[in-house]
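Subject: Structure handover

Hi,

Here is the structure I promised to pass on to you.

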Amino acid sequence: MSLSPDDVKRIARLARIETSDAEAQATQAQLNTIFDLIAAMQAVDTRGIAPMAHAQEVFQRLRDDAVTETDRHAAFQAVAPAVENGLYLVPKVIE
Amino acid sequence: MKWETVIGLEVHTQLATRSKIFSGSSTAFGAAPNTQASAVDIALPGVLPVLNKGAVECAIKFGLAIGATLNRVNVFDRKNYFYPDLPKGYQISQLAKPIVEGGALKIVVPSTDSGQSEDKVVHLTRAHLEEDAGKSLHEDFHGMTGIDLNRAGTPLLEIVSEPEMRSSAEAVAYARALHTLVTWIGICDGNMQEGSFRVDANVSVRPVGQAEFGTRREIKNLNSFKFLQQAIDYEVHWQIETLEDGGRIEQATVLFDPDTGETRMMRSKEDAHDYRYFPDPDLLPVKLDEPWIEAVRAALPELPAAMQARFQNDYGVSVYDATVLTGSRALADYFEGVARACGQGKLAANWVMGELSAALNKAELDIAQSPVSATQLGTLIARIQDGTLSGKLAKQVFEGLWEGAGEVDAIIEARGLKQMSDTGELEKIVDEVLAANPKSVEEFRAGKEKAFNALVGQVMKASRGKANPAQVNELLKARLQ
Amino acid sequence: MSDARLSALAAQLAARQVSSRELAQQYLDRIATLNPTINAFITVDADKTLAEAAAADALIAAGNAGPLTGVPIAHKDIFCTDGWLTTCGSKMLHNFIAPYDAHVIQRFKAAGMPSLGKTNMDEFAMGSSNETSHFGPVKNPWNPAYVPGGSSGGAAACVAARMAPAATGTDTGGSIRQPAALCGITGLKPTYGLVSRYGMIAFASSLDQAGPMAPSAEDCALLLNVMTGFDPKDSTSLDREKEDYTRSLDQPLTGLRVGLPKEFFAEGLNNEVAAAVETAVAELKKLGATTVEISLANSKLAIPVYYVLAPAEASSNLSRFDGVRYGYRAPDYASLDDMYCKTRAQGFGAEVKRRILIGAYVLSHGYYDAYYLQAQKIRRLIADDFNEAFKTCDVILGPTAPGTAFKLGEKSDDPVEMYLNDLYTIPANLAGLPGMSLPCGFDAKGLPIGLQLVGDYFSEAKMLNVAHQYQRVTDWHIRAPEGLK
């Protein structure tokens with residue numbers, strides 16, 4: 001299989017990474033060499049094999065329902081690009 | 001052409017936990033912006049989620065309450081999309097293995113024409129745990145939007161119904177029944193103004209008799225039953241009109257504008273959604289073990305459906321009354337308190353749904369805030385039953401109770417509201433009335449039944465309402481024979 | 001510093017032959033001299049370091065010192081460190097002063113070990129040469145024309161150049177072991193779940209694991225004692241009883257069964273590396289070990305599987321870098337969407353963007369089963385191969401990397417060529433097994449060669465025992481590059 005420049009533009013859009021047509025062209029070539037590498041996987045018969053999502057076969061530990069956090073918004077917002085009245089500012093959101 | 005409406009609801013219920021689903025931040029409503037947004041909630045680099053046991057327990061309660069399958073192993077997935085109120089760029093949710101699957105909810109749909117109500121069972125597809133997003137505040141910050149992440153990470157149970165509702169009335173009845181249930185079992189505070197219970201309605205129409213569904217549009221974020229009804233009614237009307245005009249329905253997400261009563265397409269350009277779900281590698285599969293499930297089951301309160309059946313059996317109330325009385329756990333408990341105190345189920349139902357409800361409505365009070373306790377109302381009804389009070393006097397006593405004038409018997413005593421039991425006194429009044437109204441006596445004797453009622457009224461008036469009407473009837477008849 | 005073993009430094013501190021401040025200052029001086037050449041550190045803050053050292057001296061004076069109190073350490077810039085610039089090697093976080101400490105940082109602070117600074121790394125730990133860092137490439141101290149490996153290249157280089165006695169690293173597909181091999185030091189990636197990931201900026205969550213990097217196995221054992229431990233803030237952290245990883249260092253290797261995977265000695269392996277590894281095997285045999293040939297048949301699929309799973313997780317993990325709450329925000333944009341797209345296009349480097357795109361693609365509608373799910377299934381096959389192998393051996397041995405360090409720029413235009421560097425290290429990450437690299441020789445160019453050990457789950461103490469015994473009879477790990485200015 002191989003990706004087209006349109007595929008590259010589509011996934012760059014999904015990933016919110018601005019990509020010019022020229023960049024998409026260059027990226028397409030690189031991604032295709034990587035997908036050629038990945039293609040080795042496709043021939044493997046994995047019927048009946050359970051997917052492995054985690055390194056350990058353990059179950060989720062649960063936290064007691066208790067409030068343990070305090071207000072640290074001043075420290076957190078000290079590194080924010082734009083804040084006002086305790087709010088993070090972003091260009092206008094249109095619903 | 002005759003059209004059939006098809007509705008399925010997705011309800012987001014905020015779970016009544018103290019802390020968030022994946023962090024130890026408070027979930028309390030109304031705090032100053034971002035003061036309840038921890039490192040995890042604002043998705044600082046490097047932070048990790050840890051699941052709140054309380055949220056899982058809420059989901060177990062719900063699953064048990066609707067007779068659903070609880071998936072003993074369930075999995076959290078990431079739903080990837082960019083939005084400023086979604087700090088991680090993905091929402092942790094459950095897709096392939098939700099905690100709750102199946103189940104059903106009985107609803108009672110009030111019928112508009114006959115006054116007869118109608119029972120229906122709505123099946124649920126699933127209910128899954130996920131995290132709420134933050135809030136975008138659109139008031140003007142120099143043309144910018146402000147983001148408050150206090151709500152981000154609040155636990156949600158998204159409850160998805162099958163598309164089994166066929167009218168806005170059914171949809172509202174289902175939403176109400178669900179609202180009753182989640183508040184009943186204590187997993188949600190049900191506060192719709194604060195967004196604790198938010199409804200998305202998937203609406204489509206199809207020609208009657210057609211098997212396949214029409215194309216649906218999803219109305220997002222309805223936060224009152226009234227808006228739910230209005231939005232669906234508008235949407236159905238719009239879809240039918242569009243189709244009858246030869247148009248097509250495109251699958252879309254729409255918003256309801258309460259000011260215009262119309263639905264409109266969301267303006268934000270939604271690229272063909274591709275959420276790239278995959279199991280969250282930061283969270284492990286969740287295991288529900290049997291002892292836990294059984295402990296939760298044992299702690300569940302009697303559920304609305306069971307209580308409705310019991311009210312009908314034990315107290316002889318109608319299906320409709322039983323449904324109304326189990327509208328909330330507080331109301332049901334109140335009714336039962338009254339019924340037990342007086343031993344008169346039917347009368348208790350009438351008082352709770354009549355006098356009390358009216359007074360509460362007028363004062364804009366909740367049943368939990370009622371100034372009249374269940375025991376007081378029960379005692380009041382008992383005094384009607386033993387003949388101490390007439391219905392009319394009872395209402396006066398009720399007013400006394402409402403004003404906080406004391407206990408039932410004290411009010412009767414203090415205000416002299418006891419029904420006249422002294423026959424001699426009543427006979428005297430009757431004689432005086434007969435003497436003063438010869439015309440009426442004459443008419444009655446001439447065969448005019450109405451004249452009798454006028455005489456009864458005169459006696460009651462003269463007794464200042466304290467005469468027992470039955471006794472008055474008897475005495476008058478005896479005198480006039 | 002004649003003897004820079006951590007145990008020796010700790011002994012000198014305990015005997016008050018040197019103070020922590022003096023020790024830290026010596027390393028800071030060396031960093032000041034060498035860093036302009038090696039570029040191993042992104043951030044050095046002498047005041048902070050010396051303040052921490054002074055606090056360590058106070059602990060020692062008060063008799064409250066732990067085994068490594070006062071010994072300084074360098075931290076990979078992937079660990080959030082309260083009050084320190086924490087960049088993850090990216091322009092995206094070029095201005096991010098972390099407001100909290102990673103669990104690993106907390107543990108080293110609690111142990112009284114002052115931080116010498118934050119080490120350079122491939123951007124978001126994506127790379128095998130340290131050339132993807134926004135802060136410039138790290139140079140290999142053995143020859144600055146060569147790469148140090150990656151992604152923990154700054155950590156490996158600073159230890160090799162003796163700019164720090166020890167460093168922390170992280171390893172998603174070989175990022176501790178491969179640079180350790182290329183720089184001639186010892187590095188260990190523990191069993192997944194032993195070291196908390198909290199505060200460690202995520203690359204691929206199901207594979208990432210932090211570990212120690214230092215000259216010797218004994219050093220690594222001491223560091224592992226500090227780093228490991230249950231953390232309730234990481235759901236994948238394992239709640240196990242605390243181990244002393246030094247406990248079996250001195251055990252003899254008699255009867256040790258060393259598994260040699262035939263797939264790791266096949267085509268693609270550089271001859272000099274093969275020869276050095278074989279010599280090391282002979283050395284272990286002299287110490288009483290026996291060898292057994294094993295097969296990890298599916299390990300050849302490790303790279304394809306890894307380049308599906310790691311980018312998939314990364315594409316999602318890196319979505320939080322959106323210019324809203326911290327880090328880089330593009331200076332000019334027309335709308336919210338434009339701000340996202342420009343911020344991410346400008347803030348991420350080419351390799352990171354490439355992996356995000358791969359990840360988004362393999363998870364996207366219609367491709368999930370063929371790529372992501374298939375990769376997860378083969379991941380199990382790879383793990384099963386190891387389980388089978390450990391029925392016949394105690395530890396698996398092979399080369400860490402197919403070759404020695406390569407020249408800067410040599411592979412940076414060919415991602416696939418670069419990816420093949422992690423051929424032998426990735427399988428242990430996929431299985432969640434512990435792996436380590438230790439020096440076992442030099443090639444004709446004088447560049448170090450690394451030997452890899454892969455152990456069964458939780459067998460770190462055994463691996464460290466093997467490595468330590470090997471290091472008692474060899475001196476590769478003691479050698480340091482000369483002539484550095």
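Where in chain C is the place of C:F124? C:F124 sits in the loop between strand 3 and helix 5 of chain C; helices (H or I, at least four residues) and strands (E, at least two) are DSSP runs, numbered from the N terminus.

Before going on, a word on conventions. This is a predicted model, in which local features need pLDDT of at least 70, side-chain atom pairs count only at pLDDT 80 or more, and totals for chains, interfaces and linings use all residues. Residues are numbered from 1 along each chain as its sequence is written, while chains are lettered from A and ligands numbered from 1 in the order in which they are written.

Back to the backbone. Most residues other than glycine have a negative phi, and most peptide bonds are trans. C:F124, though, has a positive phi near 50°. This residue is buried, with 32 other C-beta atoms within 10 Å (buried means 20 or more such atoms, exposed 12 or fewer, partly exposed in between, with C-beta atoms placed from the backbone). C:F458 also has a positive phi, near 65°, and lies in the loop between strand 11 (448-455) and helix 15 (460-473) of chain C. C:F458 counts as partly exposed, with 16 C-beta neighbours inside 10 Å.

There is a cis peptide bond too, joining C:G150 and C:S151 with omega about 10°. C:S151 is in the loop between strand 3 (115-119) and helix 5 (153-160) of chain C.

Finally, chain B is assigned domain 1 (3-292), domain 2 (302-415) and domain 3 (423-480), with bounds from an automatic or database domain assignment.

Best wishes
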